[in-house]
Amino acid sequence: MREMINDEFVIAHRKRALNPDHPSIHGTAQNPDVFFQAREASNPYYNACPAIVQKYMDKLAKLTGRQYKLFEYVGAPDAENVLILMGSGCEVAHEALNALNAKGAKLGLLKVRLYRPFSACDFVAALPETTKRIAVLDRCKEPGATGEPLFQDVVCAIAETIAAGCTHLKNGMPVIMGGRYGLGSKDFTPAQVKAVYDNLAAAAPKLKFTVGITDDVTNLSLPVDKHFSTESDNVTRAMFYGLGSDGTVGANKNTIKIIGEEQYAQGYFVYDSKKSGSMTVSHVRFSKDPIRSSYLISKANFVACHQPTFPDRYDMSANLVPGGTLLMNTPFSADKVWDTLPAVTQKSLIDKKARLFVIDANKVAHDTGMGSRINTIMQVCFFALSGVLPKDVAIEKIKASIKKTYGKKGDDVVAKNIAAVDKTLECLYEVTIPNTVGNKQLLSPVSADATDFVKTTLGPIIAGFGDDMPVSAFKVVEDGCFPTDTTRYEKRDLALEIPQWDPATCIQCLKCSTICPHAVIRGKIYDPAELKNAPATFKSADSKVPEFKGSKFTLQVSVHDCTGCGLCVEVCPAKSKTVEGAKAINMVPQVPLRESEGANWDFFMSLPDTDRTKIKPTMLRQMQTMRPLFEFSGACAGCGETPYVKMLTQLFGDRLLIANATGCSSIYGGNLPTTPYAKNSCGRGPAWANSLFEDNAEFGLGYRLSVDKQNQFARELLTKMAPALGEDLVNGILNASQKTEAEISAQQARVADLKAKLAADSSADAKMLLSIADSLVKRSIWIIGGDGWAYDIGYGGLDHILASGKNVNILVLDTEVYSNTGGQSSKSTPKGAVAKFAAAGKKLCKKDMGLIAMTYGNVYVATVSMGANDNQVLKAMVEAEAHDGVSIIIAYSHCINHGINMRDGAKHQKALVDSGALLLYRFDPNRVEAGQNPLQLDSKPNPEAGSLNDFYGTENRFKMLRKSNPEAAQKLVEEAAADAVARFQKYQYLAAQPVAKKEE
């Protein structure tokens, strides 16, 4: 790289920099008289650029042996049919071209290396003179354009050279076709390349086309022979099926590093749209020859299934080649596992004469202290079975890799991983494959009660057949608007263990339901008569809530939707008096309970919801019987963010509008194939839309302005139509208080009556009022996003909202890192934490956004922590919604990027508060009217106790620095402790200031 840099140019560049010793002005405001000319003055630089780029490409070739051209042609020198494209697809096309030409074809491929500036003369000169037909492939879509950008440049360049009479093309203007491929990172394969060449050679080709999909709406797609393959038998091709965060991807990356020292190596990693806990598929290739195959594997020599639940839902042998090897992590022994496999997998293994190996990796991980991390164990199995390296050599390289990868996390972590390596081969067994096929079927991807759209469109996507879905399957959602309330049909069965309720021990506090990230633990209070048709295994107890004396209570778990995180067990305060170590919630194996608890869940959901108008919303044990309208999301197991979102929907879900900032909350909240925002029995539920980091706050303000305008217009029309609609109904709607659940429910009933009357009226006013009548019910508007949005990229817009005075609520899900992009440093990241862009520990303290918001005086502000004080979270949400103005709740959320056991997430939240690093408070401007200080401290830590140092020792983001640089780590934690003391004293002082009561 250093050889490629000319110091003279570096110095010349520096001379053009801003410097008061030789001042200059950049970015002048130019008027219409000279702007045009000034822009054209730069033309010589663009004209010179292609030659300069080629000059340095040639220099690179001399240094490295890798020669690049602005436009690189490969293929037959006398080709008539030429494919043109740029980017990674070029290597796929090159591989397919070689295979087709080896069979006698005369095809060409032109790779575009420099797109802008586009050198027309160099481009045309690179084409063979025999060119008759050209297909241009673009990985983008320009709606409404005559063609995609590269296509238009190709047409223009060739037309210009022909018009100028300087072309070398013997056949004049070629036929030029334009196609789209690979949108959204869709795989691009040699079979698709062949389809494009076949279209070029057709008597009546499609001049505008797509490839890689089935377009049965506008019929632009080309037919693809999926059996066409250019995969070499000299390449080891392996696929690994795992769950996000189980270490599968990380292990495969280490494998690539190990083998890549001696062979060519390649890895592609396919992730579900959900967070950790969803399927990942690693596609890995190894070869002694260069690998051009920049596409996913469809014919694998080796397939590994790292999760025992996958074979019940997916055919793990589908991509296995004849004679290939299937490795399964399963709790079943080698002599019993065959009967557990679906018939389709059994038949496939028999037909392909495959080999089958099994290991109980979860047991090995447990026995060696690895917990649920099975990645190292499965990596050892791959090396033992694949033969890609000698086994002994591979084992030594794995151990060396473990020391390098996990050394920063401590000697204990390294020792456990090495112990797992030594134990693995003892527990790996080959299965003798019989010639008998059973009758077990793959589980349906969705439940039997799913809607038609879920069954026909979302179901195949869940099953892994999304690539095969035709365009027509999306006609009903062609505007991008998808139905909500669909996660309840997707039963993932991810958990090996689930919580089981003990009614005799339970105190009905519902802390377990409160902390549950996926809304799988729910409580209901109901009439005893409802138990008449209950399943035999359904559990209930007498309600311990005084207001519901004589009623029954049930705490039920959704067995198919639980992720097994164990947070509920950790927060449960009720200990058994008869069984040592047991609580009111205890983890038990999931498989034996699937059928019975599945039936119990169905019955539980058929019970009527607890009457919201009789519930005290500020009492947690009562409020948690409200139905959550956010359920079974794609969040990580043990997520710290989703309990806040769930509580929000329990309180205000039937009238909730959410403006969501891109980030974790958009991935688990608005992902496909299913969405977690749900509906109540009346069909009402949260309405959600996503916006970007930089403008989500303004996006949410737009909600408020629109709703207010609609409400104003509706009230005007309502007043105008009062004689026809009835004065009592109109006055009731216009004068409704809408502060309590009972009042809102009454308003919803009045509006329903209004809509019934309007539906029978054909007047223009009636039609208009009917279209906006729903706005007469109080809307709850919430702007939601993470700390990356609120503290950093979107802060300018958020501050604008804080100063607006409008009735909008802001919920900041504060993980203190950019969780969705791998955990880089944020302005919310605390001092001393290691993150991307803060490898040596963050040197500055966390921005105090709550204090900034308080300076406006009229903004409701709260900092909350569900794990530390769930009642305070509830109070804050209720108060924020009641405040007639801007409110902001900063909700601390533990995260997998903190490097913790997610089961202990609530403990970490509490420890952070106890250390003084996180201060819980509520700042309510409404208290001033009563002469009360608006600031209330809800946590009273003693920062001088020095517990921050202890807390820093419990999370990897702090421990890593202690390992790599102990002195720096100690210095930063001491500074952070001093910051905590000063911050507590400052807030304590502010909260103690007297406030005069406002006069009437």
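Phe302 counts as buried because its relative accessibility is 3%. Phe382 likewise counts as buried, since its relative accessibility is 1%. The model in which these residues are described is a predicted one.

**Aromatic pairs**

A pair of aromatic rings is described by the distance of the centres and the angle of the planes. The structure contains 26 aromatic pairs. In one of them, Phe118 and Phe123 have ring centres 5.4 Å apart and planes at 50°, so this pair is tilted. Phe118 has a relative accessibility of 18% and therefore counts as buried, the cut-off being under 20%. Phe123, at 0% relative accessibility, is also counted as buried. The pair of Phe302 and Phe382 is edge-to-face, because the planes of the rings stand at 75°, with the centres 5.1 Å apart.

**Charges over rings**

| Charged residue | Ring | Distance from the ring centre |
|---|---|---|
| Arg285 | Tyr295 | 4.8 Å |
| Lys524 | Phe604 | 5.0 Å |

Strands of a sheet pair through backbone hydrogen bonds, either parallel or antiparallel. Here an open sheet is formed by seven strands in the order E8-E9-E7-E10-E11-E12-E13, and its pairing is mixed. At the edges are strand E8 (264–271) and strand E13 (429–431), each of which pairs on one side only. From one strand to the next, the twist averages 20°.

Within this sheet, strand E11 (residues 320–329) and strand E12 (residues 355–359) run parallel and are joined by five bridges. Leu326 has Leu356 of E12 as its bridge partner.

Which strands does H11 lie across? Helix H11 lies across strand E7 (236–243), strand E9 (279–287), E10, E11 and E12, and runs at about 150° to E11.

Helix H17 (residues 594–606) consists of 13 residues. From its first C-alpha to its last it reaches 18 Å, close to the 18 Å expected at 1.5 Å a residue. An α-helix has 3.6 residues a turn, so residues three or four places apart point the same way. In H17, the buried residues are Arg594, Glu597, Gly598, Asn600, Trp601, Phe603 and Phe604. These buried residues pack against strand E15 (521–526) and strand E17 (552–557). Phe604, one of them, is also the residue whose ring face lies under Lys524.

In helix H14 (residues 452–462), the buried residues are Phe453, Val454, Thr457, Leu458, Gly459 and Ile462. Just after this helix, Gly464 adopts a positive phi of about 95°.

**Backbone geometry in the loops**

Most residues other than glycine have a negative phi, and most peptide bonds are trans. Where do the cis bonds described here occur? The peptide bond from Arg116 to Pro117 is cis, with omega near -5°. Pro117 is located in the loop between strand E3 (107–112) and helix H5 (120–126). Another cis peptide bond joins Leu672 and Pro673, where omega is about 15°. Pro673 has its place in the loop between helix H20 (664–667) and strand E20 (687–691).

Positive phi values are also found in residues other than glycine. Asn219 has a phi near 55° and lies in the loop between strand E6 (208–210) and E7. With a relative accessible area of 46%, Asn219 is partly exposed. Asp493 has a phi near 50° and sits in the loop between H14 and strand E14 (497–501). Is Asp493 buried or exposed? Asp493 counts as buried, because its relative accessibility is 3%.

Methods
Residues numbered from 1 in each chain as written. Predicted model: local features only at pLDDT ≥ 70, side-chain atom pairs only at ≥ 80, totals over all residues. Heavy atoms only, no water. Phe/Tyr/Trp six-rings, centres within 6.5 Å; stacked < 30°, edge-to-face > 60°. Buried < 20%, exposed > 50% of the residue type's maximum accessible area, 1.4 Å probe, protein only. Lys NZ or Arg CZ within 6 Å of the ring centre and 35° of its normal. Helix = DSSP H or I, 4+ residues; strand = E, 2+ residues; numbered from the N terminus. Expected span 1.5 Å × (residues − 1). Contact = heavy atoms within 4.5 Å. Pairing = 2+ DSSP bridges. Axes fitted to C-alpha atoms, helices over the stretch in contact; angles between N-to-C directions.
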